[in-house]
Amino acid sequence: MSPALAPGAETYDVVVAGGGPAGCAAAIALAGAGRTVLLADAGTGPPKVGETLVPAGRVLLGDLGVADRVLGSGHLPCYGSLSAWGSADLHAVDFINDPHGHGWHLDRRLFDRRLRDASRAAGAEVAEGTAVRGTARRPDGGWSLALRGGTGPADAPGAGGERTVCCRWVIDATGRAAAIAVRCGARRWVRDRLAALYAHLETDALDTDRRSLVESDEDGWWYTAPQPSGGRLVAYFTDTDLSAAPYTARHFHRRLSATRHVSRWTHRHGPPPATPAAPRRAAAHTAHLDRVYGDGWTAAGDAAIAFDPLSSQGVLTALYTGMSAGLAVDAHLSRVQRGADSGLAAYAHKVEAARTAFLRGHRLVHAQEARWIHRTFWARRLADLPKSLY
């Protein structure tokens, strides 16, 4: 749907589509620079669970001026990680020597809500339950956007219905769908077929370890971490075409019980439940856009680059690209009459550098696991590696 031009429509410098970490970081950076910003948070899709913010996340949140606001009570400290990768032995990494302190097991709903509150405090307008459903270019080079949904007083513009707003620029922070960028002609490249099958385990008062644990197996890898709301998350990561067997509750928990370390971590104080909950499924593939900005738009967060969760870089990268996109758009709008887009080009280089660094690390990490090189999951990930690496 293309919205009709509305002469009396509300006008903003920038509309940010998506109220997650990337969208909020962009909105905070832009509002802090004096821009008028509307942050449209659709609030749809499955809730994010089991995510960890690495210690360096405090630096980015500090740069945005919101570290204390969003990292207060409600999250669990993460003091390090354990992994059985490349061998059956368990290897520990402790954050005690990290200059930024410990990491966090995030309550993502709380984390995102506090970021949206920080966006409001910075001066952005936040429209929750509101999605960008239509886009059209205006004769003056700006945008006319159709918004659907909205919360607030019944007489507020768009409350529970539709409204049209105008803006000079749009930031796409809609997640892996990259809804606006794709609509504008960008192409999404998907690198793999990774998906997560996950389940929540009940609270155990004796489970006080605050580290995360990763354990590889012949068809993928397992992850478990404590949750701020209580209990523990356990997830299995494998390719979508290999996940038929563990997709049912019976096979998922049977396969979990066969692990050497995760099973002891998740069932250390008793047997698994007689009627285990069926696992849910979530996308976990690596993907990127062929271009992260175009005429009047910029992509950030998972819309620009989405990483395999093994890296634990998802939230950090979302904050980094969101803040960088916001600053780049502000710089571009300041020079738009001269046609300069050096800030946007520099932003694209930052995104590409982050992707290159991720892929290099991703290859090296998977090269360390050589026990199942003839299994489909691992063969796919080792296909582009020199044999000297594994």
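Does His288 count as buried or exposed, and at what relative accessibility? At 18% relative accessibility, His288 counts as buried, where buried means under 20% relative accessible area, exposed over 50% and partly exposed in between, with a 1.4 Å probe and protein chains only. The model here is a predicted one, in which local features need pLDDT of at least 70 and side-chain atom pairs count only at pLDDT 80 or more, while totals for chains, interfaces and linings use all residues. Residues are numbered from 1 along each chain as its sequence is written, and side-chain values use heavy atoms, with hydrogens and water left out.

His288 lies in strand 18. Helices (H or I, at least four residues) and strands (E, at least two) are DSSP runs, numbered from the N terminus. Strand 18 (residues 287–289) is joined to strand 21 by 2 bridges, and His288 stands opposite Ile305. Leaving out residues up to four places away in sequence, His288 touches Arg187, Arg188, Trp189, Ala304, Ile305 and Arg355, contact being heavy atoms within 4.5 Å.

Then there is an open sheet of 7 strands, ordered 6-5-14-15-16-13-17 with mixed pairing. Its edges are strand 6 (91–94) and strand 17 (280–283), each of which has a single partner strand, so one side of each is left without a neighbour in the sheet. From one strand to the next the twist averages 20°. Strand 14 (residues 212–217) and strand 15 (residues 220–226) run antiparallel over 5 bridges, with Ser216 partnered by Trp221 of strand 15. Val234, in strand 16 (residues 232–239), is buried at a relative accessible area of 0%. Its contacts beyond four places in sequence include Leu197, Trp222, Tyr223, Phe252 and Val262. The C-alpha atoms of Val234 and Leu197 are 8.5 Å apart, though 37 residues separate the two along the chain.

On to the helices. Helix 1 (residues 21–32) has 12 residues and should span 16 Å at 1.5 Å a residue, which agrees with its end C-alpha atoms being 16 Å apart; the expected span is 1.5 Å times one less than the number of residues. Helix 1 is mostly covered, with 11 of its 12 residues buried. Its cover includes strand 1 (10–17), strand 2 (37–41), helix 2 (57–64) and helix 8 (314–335). Just after helix 1, Gly34 takes a positive phi of about 95°.

The axes of helix 1 and helix 8 come within 7 Å and cross at roughly 35°. Residues of helix 1 including Pro21, Ala25 and Ala29 meet residues of helix 8, among them Leu319, Gly322 and Gly326.

Leu319 also turns up in the largest nonpolar core, where Leu53, Leu61, Phe111, Ile171 and Leu319 touch the most other members out of 59 residues. Such a core is a set of buried Ala, Val, Leu, Ile, Met, Phe, Trp, Tyr and Cys residues joined through side-chain atoms within 4.5 Å. A second, separate core of 16 residues includes Ala196, Val214, Tyr223 and Ala225.

Technical notes
Pairing = 2+ DSSP bridges. Axes fitted to C-alpha atoms, helices over the stretch in contact; angles between N-to-C directions.
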